[in-house]
Amino acid sequence: MRTSKCEVSQWDSDEPVPRTELLRGVQGAHGLVCLLSDKIDAEVLDAAGPNLKVISTMSVGFDHLALDEIKKRGIRVGYTPDVLTDATAELTVALLLATARRLPEGVEEVKNGGWSSWKPLWLCGYGLSGSTVGVIGLGRIGMAIAQRLVPFGVKRLLYTGRAAKAHAAEVNGEFVPLDQLVSESDFIVVSCSLTPETQGLCDKAFFSKMKKTAVFINSSRGAVVNQEDLYEALSGGQIAAAGLDVTTPEPLPTNHPLLTLKNCVVLPHIGSATYSTRGVMSALTAQNLLGGLQGSDMPSELSF
């Protein structure tokens with residue numbers, strides 16, 4: 001059995017490594033392990049120098065990596081897809097239910113004494129049974145979300161993306177244009193990748209086509225949403241509610257207008273936050289790094 005010996009320089013804190021420390025610590029490194037919070041651009045690559053052979057990110061997303069610069073230097077990249085699919089799908093469903101059924105508001109009412117006698121329409125929300133759900137991006141995570149939502153009695157499942165997906169048949173998914181999905185859905189779940197095409201996709205025009213009773217959920221990337229337009233749609237009654245596990249920036253400033261709204265539930269990007277998932281992600285990140293250092297196969301290498 002082949003053993004690996006590495007000299008490891010570690011930033012030993014839960015807080016992101018300061019830029020100056022990253023630039024200093026990466027000098028001469030053969031491999032780099034990073035998180036979503038670490039911007040790996042030309043400056044970092046230049047600081048690392050010609051020894052750098054592999055970058056292993058503990059994430060499924062890679063918009064924090066300057067892929068053009070990385071490719072130019074012939075550096076391999078490892079990432080952690082698949083292993084966080086179930087955890088992220090579970091969290092997305094939890095966020096949808098919490099938003100649609102107004103759970104945070106309910107908890108607050110219990111705590112602040114607002115819970116008095118039973119009232120017919122107090123804290124009423126929206127249910128999934130008999131509803132139409134639209135999923136933007138029916139990839140691994142989008143499909144896992146759809147599979148979990150269908151048993152709630154969803155009547156129609158619409159999806160949109162670059163092309164129709166054969167696996168959509170498992171959930172009776174209907175491939176439709178984006179405008180149709182937006183206008184017909186009672187719940188819209190965004191689970192697409194962040195690309196130049198999807199950046200700012202959910203804007204004023206998008207929200208204006210939604211039903212006034214519709215619920216909007218985003219667990220993909222914050223930059224897919226124009227947050228100013230979302231605030232206007234929520235505060236003006238254009239849409240019913242929104243649930244976000246991702247924002248721009250992260251963390252969202254505590255004085256951000258979205259945080260003043262009762263019909264907006266914001267979580268701190270915890271889609272993959274289960275003990276087991278983070279453990280598997282860590283192991284895969286290490287295996288990718290070692291594969292890159294040894295010039296052998298990486299379990300999950302990014303093709304770009």
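His269 lies in the loop between β10 and α10 (275-294). Phi of His269 is near 55°, a positive value in a residue that is not glycine. His269 counts as partly exposed, at 24% relative accessibility. This is a predicted model, and the values below are computed from it.

**Backbone exceptions**

Most residues other than glycine have a negative phi, and most peptide bonds are trans. Asp82 is found in the loop between β3 and α4. Its relative accessibility is 47%, so Asp82 counts as partly exposed.

Cis peptide bonds come next. One joins Thr248 and Pro249, with omega at about -5°. Another runs from Glu250 to Pro251, with omega near 0°. Pro249 sits in the loop between β9 (241-244) and β10 (264-266). Pro251 is also found in the loop between β9 and β10.

Strand β10 contains Val266. The relative accessible area of Val266 is 26%, so this residue is partly exposed. Val266 and Ala242 are 24 residues apart in sequence. In space, their C-alpha atoms are 8.4 Å apart.

Glu232 has its place in helix α9 (residues 227-235). Is Glu232 buried or exposed? At 51% relative accessibility, Glu232 counts as exposed. The cut-off for exposed is over 50%. Glu232 and Pro257 are 25 residues apart along the chain, and their C-alpha atoms are separated by 9.8 Å.

The table sets out relative accessibility for residues discussed in this report.

| Residue | Relative accessibility | Class |
|---|---|---|
| Asp82 | 47% | partly exposed |
| His269 | 24% | partly exposed |
| Val266 | 26% | partly exposed |
| Glu232 | 51% | exposed |
| Phe62 | 30% | partly exposed |
| Tyr79 | 14% | buried |

**Aromatic contacts**

How many aromatic pairs does the structure hold? There are five. One of them joins Phe62 and Tyr79. Their ring centres are 6.0 Å apart and their planes stand at 80°, so the pair is edge-to-face. The cut-off for that class is over 60 degrees.

Phe62 lies in the loop between β2 (54-57) and α3 (67-72), and Tyr79 in the loop between β3 (76-78) and α4 (85-100). The pair therefore ties together parts that are 17 residues apart in sequence. Phe62 is partly exposed, with a relative accessible area of 30%. Tyr79 is buried, at 14%.

Phe207 and Phe216 make another pair. Their ring centres are 5.3 Å apart and the planes are at 85°, so this pair is edge-to-face. Both Phe207 and Phe216 are buried. Phe206, Phe207 and Phe216 form one aromatic cluster.

**Helix packing**

Two packed helices are described by the angle between their axes and the distance between the axes. Helix α4 and helix α6 (residues 140-149) pack at an angle of about 50°, with their axes 9 Å apart. That angle makes α4 oblique to α6. The crossing of α4 and α6 is right-handed.

**Record annotations**

UniProt, in an unreviewed entry, places the feature "domain: D-isomer specific 2-hydroxyacid dehydrogenase catalytic" at residues 6-301. Over residues 6-301, the chain is 33% helix and 13% strand. The end C-alpha atoms of this span are 20 Å apart.

The UniProt annotation "domain: D-isomer specific 2-hydroxyacid dehydrogenase NAD-binding", also from an unreviewed entry, covers residues 93-271. What share of residues 93-271 is helix, and what share is strand? The span is 28% helix and 16% strand. Its end C-alpha atoms lie 10 Å apart.

Key:
Residues are numbered from 1 along each chain as its sequence is written. This is a predicted model: local features need pLDDT of at least 70, side-chain atom pairs count only at pLDDT 80 or more; totals for chains, interfaces and linings use all residues. Side-chain values use heavy atoms; hydrogens and water are left out. UniProt positions are given in the numbering used here, feature names are shortened, and annotations may be inferred rather than shown by experiment. Helices (H or I, at least four residues) and strands (E, at least two) are DSSP runs, numbered from the N terminus. Rings of Phe, Tyr and Trp (its six-membered ring) pair if their centres lie within 6.5 Å; planes under 30 degrees apart count as stacked, over 60 as edge-to-face and the rest as tilted. Buried means under 20% relative accessible area, exposed over 50%, partly exposed in between (1.4 Å probe, protein chains only). Axes are lines fitted to C-alpha atoms, for helices over the stretch in contact, and angles run from 0 to 180 degrees between N-to-C directions. Angles under 35 degrees count as roughly parallel, over 145 as roughly antiparallel, 65 to 115 as roughly perpendicular and the rest as oblique. A crossing is left-handed if the near helix is turned anticlockwise from the far one by less than a right angle, and right-handed if clockwise.
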